[in-house]
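Colleague: I have a chain open and would like to go through it with you. Can we start with the words you will be using?

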Amino acid sequence: MRHSRYIALLLGMAMLLTGCQSGDSTEEQITETVNVFQALPLPDVYIEIPEGYEKKSSQFYQEYYTKDTASIIVTQDTSQPSYSSNRDFATSALMQYKQTTKSLNYIGEDWIESGIYNVYVLEFSYTVGEDVPEMTAYIGYLTNGYKMFIITCSAESTDYPNHKNEFRQVLSSVRITE
């Protein structure tokens, strides 16, 4: 029960943070979120899922993957007509995370080469409430200029070291296939 509660919380946070634009009310934010991002499966992105991850679905995501306390979720942002920089988009997303989490500890950033693509990566830990364990996120941002793909890999902070290499493998495998 505890594990599924954390997964539900992670999914909600990922949904909110990968696409929600600021609005005046909760209802407006939900409406905007639906219009801003699309969840996998997407016909124009490919990632390799490490062994042991289970494919799942929810009301928010048609497809995502979990293993222990870890999850991998891919979304596509459609809020802008064009994207000039992975890093600029990620910096803006980090500001949204800071506004919607109880605490956020920035760990670092990185660039991962994935074929002909450069994936910009943010790494940080965060909490969303008193009775919820701290999470650590390893989030990759990839664009082809007119679509932004967000690959959100996260796990409970105590379990995160067991999954970081898997997350790096996922971000190294991402390809835009269109």
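Modeller: A residue is called buried if its relative accessible area is under 20%. One thing before we go on: this is a predicted model.

Colleague: Fine. How many residues of β8 are buried?
Modeller: Nine of its nine residues are buried, so by the under 20% cut-off the strand is mostly covered.

Colleague: Which residues of β8 are on one side and which on the other?
Modeller: Met135, Ala137, Ile139, Tyr141 and Thr143 are on one side. Thr136, Tyr138, Gly140 and Leu142 are on the other, and both faces are covered.

Colleague: What does β8 pair with?
Modeller: β8 pairs with β7 in the antiparallel sense, over seven bridges. β8 also runs antiparallel to β9, and nine bridges join those two.

Colleague: How many residues lie between the strands in the hairpin of β8 and β9?
Modeller: Four, and in that hairpin Gly145 takes a positive phi near 105°.

Colleague: Next topic, the nonpolar core. How many residues are in the largest one?
Modeller: The largest nonpolar core has 23 residues. Ile72, Tyr138, Ile151, Cys153, Phe167 and Val174 have the most contacts inside it.

Colleague: Which elements give two or more residues to this core?
Modeller: They are β5 (70-77), β7 (117-127), β8 (135-143), β9 (148-156) and α4 (164-173). β9 gives the most, with four residues.

Colleague: What about a second core?
Modeller: There is a separate one of 16 residues, with Phe89, Leu122, Ala137 and Ile139 among them.

Colleague: You listed α4. Which of its residues are buried?
Modeller: Glu166, Phe167, Val170, Leu171 and Ser173. Seen down the axis of α4, these buried residues fall within an arc of 165°, so they line one face of the helix.

Colleague: Now Asn86. Is that one buried or exposed?
Modeller: Buried, because its relative accessibility is 8% and the cut-off is under 20%. Asn86 belongs to helix α3, residues 86-100.

Colleague: What does the side chain of Asn86 sit next to?
Modeller: A polar atom of that side chain lies 2.7 Å from the backbone oxygen of Tyr141. Leaving aside neighbours within four places in sequence, the contacts of Asn86 include Trp111, Tyr120, Leu142 and Met148.

Colleague: And Asp110, where is that?
Modeller: Asp110 is in strand β6, residues 103-114. At 29% relative accessibility, Asp110 counts as partly exposed.

Colleague: Which residues does Asp110 touch?
Modeller: Not counting residues up to four places away in sequence, Asp110 touches Val119, Tyr120, Val121, Tyr138 and Arg168. With Arg168 there is a polar contact between the two side chains, at 2.9 Å.

Colleague: How far is Asp110 from Gly140?
Modeller: They are 30 residues apart in sequence and 9.1 Å apart in space, C-alpha to C-alpha.

Colleague: Last one. What is the mean pLDDT of the chain?
Modeller: It is 80, and 76% of the residues reach 70 or more. Over residues 1-40, though, the pLDDT is below 50.

Colleague: How many contacts does that stretch have in the model?
Modeller: Residues 1-40 have 82 contacts beyond near neighbours in sequence. Where pLDDT is low, the predicted coordinates should not be read in detail.

Key: Residues are numbered from 1 along each chain as its sequence is written. Side-chain values use heavy atoms; hydrogens and water are left out. A nonpolar core is a set of buried Ala, Val, Leu, Ile, Met, Phe, Trp, Tyr and Cys residues joined through side-chain atoms within 4.5 Å. Buried means under 20% relative accessible area, exposed over 50%, partly exposed in between (1.4 Å probe, protein chains only). Contact means heavy atoms within 4.5 Å. A polar contact is a pair of N or O atoms within 3.5 Å; within protein, one must be able to donate a hydrogen and the other to accept it, and residues adjacent in sequence count only if both atoms are side-chain atoms. Two strands pair if DSSP finds at least two bridges between them. The arc is that of the directions from the helix axis to the C-beta atoms. pLDDT is the predictor's confidence in each residue, from 0 to 100.
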